[in-house]
Amino acid sequence: MPEYQIVMRAGPTPGKVFPVSGESFTIGREPGNGIVINDAEISRKHARMSQQGTTYSIEDLGSTNGTFVNGVRLTAPHALRPNEVIAFGEQISVVFEAVVVSDPNATMLHTAKPSTPAPAPVSQPVSQPIPSYAGQVPAGPEPVTPAAKKRSPVTMIIVVVLILMLCIFCLCLGFFWWIDSGSRWCQLLPFIVPLFGGSCP
């Protein structure tokens, strides 16, 4: 069976490692527990860890502040996976980790000192030639002139309407001048003459 440990992330002794071993043990504040965490957040017997196949399961023992796995409060035993976060109350959290055991025979396979590879040649940076200028300094970038502002359609419509109104006004003015200059009121507009106190023959 793989070996496991729990590492305290937050609590009275951050970074402390608790080996996980045995078929079943309890976690709590009292000295008789398999893992003792002396903190007010921890109940006297807070939780129990038990072997389940190739891993361990954890269950809450009716603690006051509850037991959480990955932020979810336990209401039944939970089979742990490596790197899951266990919290006891709100202030104490530990990480369930698998212990990587190296093979002691693996170091005996190669006893000869490996040959040191020759260092790779260091490539020298190629210097770029500095361009020379004969008698004149190259001109800088041409200034970018902002694009001419486009007239909005509303402005164009207003201009057209004003021009039309001016044309109509000029036509009307010319028409009345033509009538008045030739005394054509009675010929063309006889109904208007009485309005101004005149009379047509």
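In which strand is the place of H78? H78 belongs to strand 9, where strands (E, at least two residues) and helices (H or I, at least four) are DSSP runs numbered from the N terminus. The structure is a predicted model, in which local features need pLDDT of at least 70 and side-chain atom pairs count only at pLDDT 80 or more, while totals for chains, interfaces and linings use all residues. Residues are numbered from 1 along each chain as its sequence is written, and side-chain values use heavy atoms, with hydrogens and water left out.

**Overall build**

The protein chain has two helices and eleven strands, and from the N terminus its elements follow the order β-β-β-β-β-β-β-β-β-β-β-α-α. Of its 201 residues, 22% count as buried, a word used for a relative accessible area under 20%, with exposed standing for over 50% and partly exposed for values in between (1.4 Å probe, protein chains only). The accessible surface of the chain comes to about 15,600 Å², and 62% of that surface belongs to carbon and sulfur atoms; such areas come from the Shrake-Rupley method with a 1.4 Å probe, and for residues only the protein chains shown count as cover. Among contacts (heavy atoms within 4.5 Å) between residues at least 6 apart in sequence, 37% join residues at least 24 apart.

**Core and aromatic rings**

In soluble globular proteins, nonpolar side chains tend to be buried together. Here the largest nonpolar core has 22 residues, of which I37, M49, I58, F88 and F96 touch the most other members; a nonpolar core is a set of buried Ala, Val, Leu, Ile, Met, Phe, Trp, Tyr and Cys residues joined through side-chain atoms within 4.5 Å. Two or more residues of this core come from each of strand 1 (3–10), strand 2 (17–20), strand 3 (24–28), strand 5 (47–52), strand 6 (55–60), strand 10 (84–88) and strand 11 (92–99). Leaving aside neighbours within four places in sequence, the contacts of F96 include Y4, I6, M49, Y56, L80, R81, N83 and E84.

The structure holds three aromatic pairs, a term for rings of Phe, Tyr and Trp (its six-membered ring) whose centres lie within 6.5 Å, with planes under 30 degrees apart counted as stacked, over 60 as edge-to-face and the rest as tilted. Y4 and Y56 form an edge-to-face pair, with 6.2 Å from centre to centre and 85 degrees between the planes. Because Y4 lies in strand 1 and Y56 in strand 6, this pair ties together parts that are 52 residues apart in sequence. Both Y4 and Y56 are buried, and ring pairs link Y4, F25, Y56 and F96 into a cluster.

**Salt bridges**

Side chains of opposite charge can pair when their charged atoms come close. The structure holds two salt bridges, each defined as a side-chain nitrogen of Lys or Arg within 4 Å of a carboxyl oxygen of Asp or Glu.

| Salt bridge | Closest N and O atoms |
|---|---|
| R48 with E59 | 3.7 Å |
| R81 with E84 | 3.1 Å |

The pair of R48 in strand 5 and E59 in strand 6 links distant parts of the chain, eleven residues apart. R48 counts as partly exposed because its relative accessibility is 30%, and E59, at 24%, is likewise partly exposed.

H78 is partly exposed, since its relative accessible area is 22%. Not counting residues up to four places away in sequence, H78 touches Y56, S57, I58, V69 and E84. H78 and D60 are 18 residues apart in sequence and 9.5 Å apart in space, C-alpha to C-alpha.

Most residues other than glycine have a negative phi. N70, in the loop between strand 7 (67–69) and strand 8 (72–73), has a positive phi near 55 degrees and is partly exposed at 45% relative accessibility. N83, in the loop between strand 9 (78–79) and strand 10, has a positive phi of about 75 degrees although it is not a glycine, and N83 counts as exposed at 59% relative accessibility.

V154, I157, I158, V161, L162 and M165 make a nonpolar surface patch of about 590 Å². Patches are made of residues with over 30% relative accessible area and no salt bridge, with like charges joined within 9 Å and nonpolar side chains (Val, Leu, Ile, Met, Phe, Trp, Tyr) within 5 Å. I158 lies in helix 1 (residues 153–181) and, at 47% relative accessibility, counts as partly exposed.
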